[in-house]
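Welcome! Please take a look at the sequence and the structure below, and then read on for a short tour.

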Amino acid sequence: MARWLHVVAPPSFTAIPSARSWCRCGYERTAKGRAGVLALVEAHNAHPEHCPLLNHEGSKAA
């Protein structure tokens, strides 16, 4: 599977974290701020369930 997540979390408490998530299928999202980055990480982890590049027929338990 070819998908990536890049998170930038500067060490300063006042700095704003950011993130980018992208996949070979064309999925691409960006986020800024702690809440946005956390939501993006969650969406990135959920993406394989909806990715058109993956074969889902054999992946579900019977």
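## The aromatic pair

Searching the whole structure turns up one aromatic pair. For such pairs, the rings of Phe, Tyr and Trp (its six-membered ring) must have centres within 6.5 Å; planes under 30 degrees apart count as stacked, over 60 as edge-to-face and the rest as tilted. Here the ring centres of W4 and W22 are 5.8 Å apart and their planes are at 25°, so the pair is stacked. Because W4 belongs to strand β1 (residues 3-8) and W22 to strand β2, the pair ties together parts that are 18 residues apart in sequence.

W4 is partly exposed, with a relative accessible area of 40%, and W22 is also partly exposed, at 23%.

## About the model

This is a predicted model, in which local features need pLDDT of at least 70 and side-chain atom pairs count only at pLDDT 80 or more, while totals for chains, interfaces and linings use all residues. Residues are numbered from 1 along each chain as its sequence is written, and side-chain values use heavy atoms, leaving out hydrogens and water.

## The sheet

Three strands form an open sheet in the order β1-β2-β3, with antiparallel pairing. β1 and β3 stand at the edges with a single partner strand each, so one side of each has no neighbour in the sheet. From one strand to the next, the twist averages 5°. Strands here are DSSP runs (E, at least two residues), numbered from the N terminus, and two of them pair if DSSP finds at least two bridges between them.

Strand β2 (residues 18-23) and strand β3 (residues 28-32) are joined by five bridges in the antiparallel sense. S18 stands opposite K32 in β3, and W22 has E28 of β3 as its bridge partner. Four residues lie between the strands of this hairpin, where G26 takes a positive phi near 110°.

How many disulfides does a search of the whole structure find? The count is zero, where a disulfide is a pair of cysteine sulfur atoms within 2.5 Å. The sulfur of C25 is 3.7 Å from the closest cysteine sulfur, in C23, which is too far for a bond. C23 is buried, with a relative accessible area of 8%, whereas C25 is partly exposed at 28%.

Methods: Buried < 20%, exposed > 50% of the residue type's maximum accessible area, 1.4 Å probe, protein only. Axes fitted to C-alpha atoms, helices over the stretch in contact; angles between N-to-C directions.
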